[in-house]
Structure formats: structure tokens, C-alpha cells
Amino acid sequence: MRFILPVGLIATTLAIAPVRFDGEKVLRVKLQDEKQANIIKDLAQTNQLDFWYPDAAHHVAANMTIDFRVSEKESQSIQSSLDQNKMHYEILIHDLQEEIEKQFDVKEDIPGRHSYAKYNNWDKIVAWTEKMVHKHPEMVSRIKIGTTVEDNPLYVLKIGKRDERRKAIFMDCGIHAREWISPAFCQWFVYQAAKTYGKNKIMTKLLDRMNFYVLPVFNVDGYIWSWTQNRMWRKNRSKNQNSNCIGTDLNRNFNASWNSFPNTKDPCAETYRGPEPESEKETKAVTDFIRSHLKSIKAYITFHSYSQMLLFPYGYTSKLPPNYKDLAKVAKISTDVLSTRYETRYIYGPIASTIYPTSGSSLDWAYNLGIKHTFAFELRDQGKFCFLLPESQIKPTCKETLLAVKFIAKYILKHTS
């Protein structure tokens, strides 16, 4: 008898059909003034608008271009409201489900071999971490820094020689589950670092003198959920007290002005900050690891999508950080270097004024901890595909981003003590 229960449990788990997005649209609206901004905020109160840019209704302001997702059922009335108020908008995505299916536009190279041109699910990424360690034992080691709410392992890959005292850079990808291009970049970075050591002059010099700690997927549970149940999932998968809404936005869960925005208090919001700073197992694992390696970590880089920006502190205040000129110089050169490959244009600047104000972000937390070079990449694109960048753009995105990361690493090597 005792074998029957698990099978029954599996059956009920499998019974949850993945969310479909047939007929859902993504609209881009160019707001002319305060009045138009308020119309959008009013619409958001009476309709289910999933804000993609900015990430919440309260950031919506005059002269801003905003992107949001709307259900098939509500799209007609929303478009009518926009038309009535003579608001300028375009439909970025006409049928979200179609775009989701069109993402996978690259054929598998060789079955059984890890592909850097495709999006890889969590199982493939775990197998890949083992393979990298096995293939490059002198260069790559795997550290389990903790587990997630659903008991999945959090793995950091250390790239470089054994010496712990050398300068290091910490990089993470996939803090928001639906931003798949981000973990794709972390895989590419590790692969290129290990493969080109001894062949590429810059990479060899970097790895001879410094270490990289790379967390390929920060929000593992959310990432798995975005593959199996809901492609547009953003948060982690923790249960919230007194609420049926699941998940905390891990990038609002850090102890950096954590309590400063009222909108992050709602467990049902996409930007829910959690019950307290570092309440989430994932955040805690990362903060503990960084704190324990603080002597060596000289830079922190986190990868998001979309909008083609290179951001630095602060997010929670419009005050500029003490080393603003230095950060702006590094960001400017990095974005210039990035554009040399395919002429992809990035803008750069402090989070609050360049994208929108945020509280509780990993970037501000790392900066306040004493890591004076912290950057967030918002990878491709600027809105044609948004979070659904096709696989055919993975390699170009990774190649150009790698140029910028190598520049930042060279700068850290030369200019930090």
C-alpha cells in the first residue's frame, strides 16, 4: 500500500496544466503627460496589467514609455480606453503564446552535447555544471552555497586557480525567472573562460590573476516553474503567510533600503519584497557567501533582461554614489566596447534615474557592503521580443556582453586594491 500515495501525489501534481497565453498582447504606450500616466494607473487598478517596463504601476510617470501585458479578454477595452484618450501606443506582441513557441528557433546541434545556442532547462544546467568541473578540474570547481525553498541546490562555479586570496568577481544570473537570456549568458561565460584560457590573451591574464564566482541560476525554483508551468513567472516559489499568492521578488529582498517603497508590501505584487530582508533562502545563501568572501570580491555583476542598459547604484535614492565618476567611466567604456561587435546600443547610468527607482536590490546591497564596483546588465532587446528573445539571438547577445564583462574585469584587476 505504501507505494500508492506517491503515485497519487504525482498524478495531482501533473494535473496542473501549464498556463497558456493565447491571444494575450503586450502593448507599448508613450505617455505624453501626467494625465496620461494617471489614466494608466487607473486602468491598472481595474484590470490585470502585468507591467514589463517599468515593473510596477506606481513607477509610471509622464514622458515615459511603458510596456505591459494584457489578457485577450481585457485587451479590447484597454485599447479602446487608449484610443479615447488619444494615447499613442503600439502592439509589441500580438499573440504571446505564439511568441513563446517561436522562441525555440535553433535546432539542437548534437544530441547529448550541451548547447550554448539554446535555452537550457534546470536539469540540463545541473548536468552541465558537473561536466564543466569534470572537463576542467584545474580551472573550474563547484560550490553548493545553499538550497532553495523547494530544496533545489544553489551552485556557484568558481573559475580560476585554487588561491582564495586573489581578487574575485561575483556574477549571478536568473534572479528573475522569466529572463532566460540571463542564465544563458552565465553558461556562455563559464564555457568561454574555460575554453579560451591559454588561447585568448585577455582571458588568460584575467584567470592567471583573479577568480570568478558564477551563480548560473539564482532563482532555481522560479526558473523551473517558468519552464514547466508559467513562462512569465518572475518571483521565487515561497509560500506567503496569510496570502494565497506565491513568491517573493528576490531582487527586492536584500537589505538595502528594503522598506522604502509601499508598493512592495503586497504578496500578490510581482515586486513583493518578502516579510523581511534576506527572508528567502536563495537571498540568504548568496549574501552569506558574498560576506564570507568579502576580502577578495572586488566587483559584483548581475544579469537581467530586457532594455539594453548597464546600471550601477543607487536604486533607492537619486543621490549619486561617492565613486560615481569612476562607475560612469567604466560603464561608458563597457557599453562602447559591447557595441563594437554588432553595433548594439546600450545606455548606462544609476538605476533610479536610468530605469526606475527600486528598493532592496542586490546591486545596492553589494555596493553598501563595500564592493565599490557593482553593475547590472539589462540584456537584449529593447522591446521587439522583450522577455522572449529567440534562441537565434543567444550567441550574439553573449558574444557582445562578454566583451563588456572582460573590460570590467581588466579594470578591476588594474584599479582595485
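Q: What makes α6 the element that gives the most to the lining of the second largest pocket?
A: α6 supplies five residues to that lining, which is the most. Lining residues are those with an atom within 4 Å of a pocket point, where a pocket is an open set of 1 Å grid points, over the protein atoms alone, at which a 1.4 Å probe fits, with protein on both sides within 12 Å along at least five of seven lines. α6 (181–196) is joined by α5 (122–135) among the elements giving two or more residues; helices are DSSP runs of H or I with at least four residues, and strands are runs of E with at least two, numbered from the N terminus.

A word on the source: this is a predicted model, in which local features need pLDDT of at least 70 and side-chain atom pairs count only at pLDDT 80 or more, while totals for chains, interfaces and linings use all residues. Residues are numbered from 1 along each chain as its sequence is written, and side-chain values use heavy atoms, with hydrogens and water left out.

Q: Which residues lie nearest the centre of the second largest pocket?
A: They are R113, H114, Y116, K135 and Y191, out of 16 lining residues. The space there is about 280 Å³.

Q: What is the volume of the largest pocket?
A: About 870 Å³, a volume being the space filled by probe spheres set on the points, which are joined across faces, edges and corners.

Q: Which element gives the most to the lining of the largest pocket?
A: That is α2, with three residues.
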